[in-house]
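Hi,

Here is the structure I promised to pass on. Have a look, and my notes follow below.

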Amino acid sequence: MTPLRQALDFGLVLCRTCGLAVSHLSVGAERRCPRCQSRIAHRTPSSTEMTLGWLIAGIVFYIPANLLPVMHTSGLLGETDSTIVGGILEFWRSGDWDIALLIFIASVAVPFTKFIAIGLLLLTVRKNSRWEQRQRTGLYRIVEFIGYWSMLDVIVVALTSALMQFEVLGTAEPRAGIAFFCAVVVVTMLSALSFDPRLIWDRRA
Amino acid sequence: MVPADPILICRDCDTVYRAIPLRPGDVALCRRCDAVLARYFGAKVESGLALVCAAAIFFAIANLTPILSIDIAGIETKANIWFAVRSLQHGWICVAALGLACTTFLIPAVQMALLLWVLLFARVGRRPPGFGPIMRLLHQIRPWSMTEVFLLGALVAIVKLANWVPITAGAGIWAIAALTTVLALLGRCDPASWWLIAPAVKA
């Protein structure tokens with residue numbers, strides 16, 4: 001097996017949009033890919049700063065997303081405001097443990113996994129760590145993959161509100177928490193997309 | 001199949017590889033970080049076109065027929081993607097409506113339209129106007145298409161409401177399921193692979 005070498009050793013840069021291996025020499029002053037004209041760089045510019053910024057925004061939005069109600073229902077049984085965790089507990093108590101688990105994974109476990117995983121990646125990259133590089137790259141791919149599944153609760157609330165429009169039996173309306181939750185999904189996805197996993201493998205002086 | 005790009009660089013760890021021909025079903029993985037470097041790309045322009053047309057038909061059905069409906073004593077409520085988006089329009093919560101509209105309606109629609117545009121031109125052996133910007137846009141919007149999440153959301157909504165009200169799934173839910181499958185197939189041929197059809201296409 002030939003030893004593995006990085007693109008920099010050969011004076012090559014990867015275009016992350018179209019996958020072309022571009023020689024440093026042909027990049028030019030514009031720093032654009034000769035095939036698709038995307039901006040290219042040896043490493044995504046200010047990747048860690050952007051990732052950290054979006055991550056903090058995500059954590060901040062996650063607080064009102066959980067404290068504020070996501071849905072308001074009114075009907076024969078009176079009026080109630082439900083939060084995300086309240087909704088999960090309700091499912092759990094009424095015996096629908098499978099739905100409770102699914103919403104728990106999408107709305108609580110996935111965001112927390114993202115916060116912790118991205119935080120860990122940022123911290124280890126900053127410390128120039130050589131610890132478990134392969135696993136950390138895998139962790140990044142997991143974060144990238146699970147990102148958008150958190151949108152689940154937004155969709156469930158939207159569909160429930162669209163369907164429960166019976167004046168006598170009951171109505172459901174969205175509440176502010178769901179907008180914050182939607183924001184959490186978007187900014188944590190932006191955070192993951194800003195992260196350049198190649199930083200895990202770089203050895204800076 | 002001979003890869004169009006003779007040199008592959010790993011997206012996740014920057015390792016350089018010399019490309020080798022792949023057989024159907026082959027996936028090239030990075031030896032250092034296990035990232036997918038390349039997949040066998042057997043899609044012809046025709047099969048791509050067929051998939052995009054199928055996706056467009058499923059998308060139309062999903063948006064024109066109810067995905068879920070409730071009927072209580074003759075009073076019926078229906079829901080599909082668009083109804084779900086509209087129900088989020090409550091004051092400033094409409095930012096969530098915007099997010100939902102983009103991820104489950106606008107972005108899949110734009111994906112299909114752009115792929116159709118590119119493939120139709122490729123079919124007649126021409127490079128479509130705006131090829132570069134279109135391919136860049138397709139690459140950028142790809143993570144934001146959430147049709148499969150909508151499908152799961154609809155299934156959760158069924159189970160959630162079934163305890164209280166008589167809820168039925170309409171034709172739309174099958175269309176969403178089919179759309180998810182077709183978009184996933186198209187997604188496997190990621191936009192980077194579509195560049196492989198570019199050399200055959202005259203500038």
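Which residue takes a positive phi in the hairpin of strand 3 of chain B and strand 4 of chain B? That is Asp34(B), with phi near 70 degrees, in a hairpin that has six residues between the strands.

Before the rest, some conventions. This is a predicted model, in which local features need pLDDT of at least 70, side-chain atom pairs count only at pLDDT 80 or more, and totals for chains, interfaces and linings use all residues. Residues are numbered from 1 along each chain as its sequence is written, while chains are lettered from A and ligands numbered from 1 in the order in which they are written.

Strand 3 (residues 27-29) and strand 4 (residues 36-39) of chain B are antiparallel and share three bridges; pairing requires at least two DSSP bridges. Helices (H or I, at least four residues) and strands (E, at least two) are DSSP runs, numbered from the N terminus. Ala28(B) sits opposite Ala38(B) of strand 4 of chain B.

**Chain A against chain B.** The contact (C-beta atoms, placed from the backbone, within 7 Å) involves 52 residues of chain A and 50 residues of chain B. Elements giving two or more residues on the chain A side include strand 1 (12-14), helix 6 (152-163) and helix 7 (176-194) of chain A. Helix 6 of chain A gives the most, ten residues.

**Domains.** Chain A is split into domain 1 (1-42) and domain 2 (47-200), with bounds from an automatic or database domain assignment. Their C-alpha centres are 35 Å apart.

Best wishes

Definitions and conventions: Contact = placed C-beta atoms within 7 Å.
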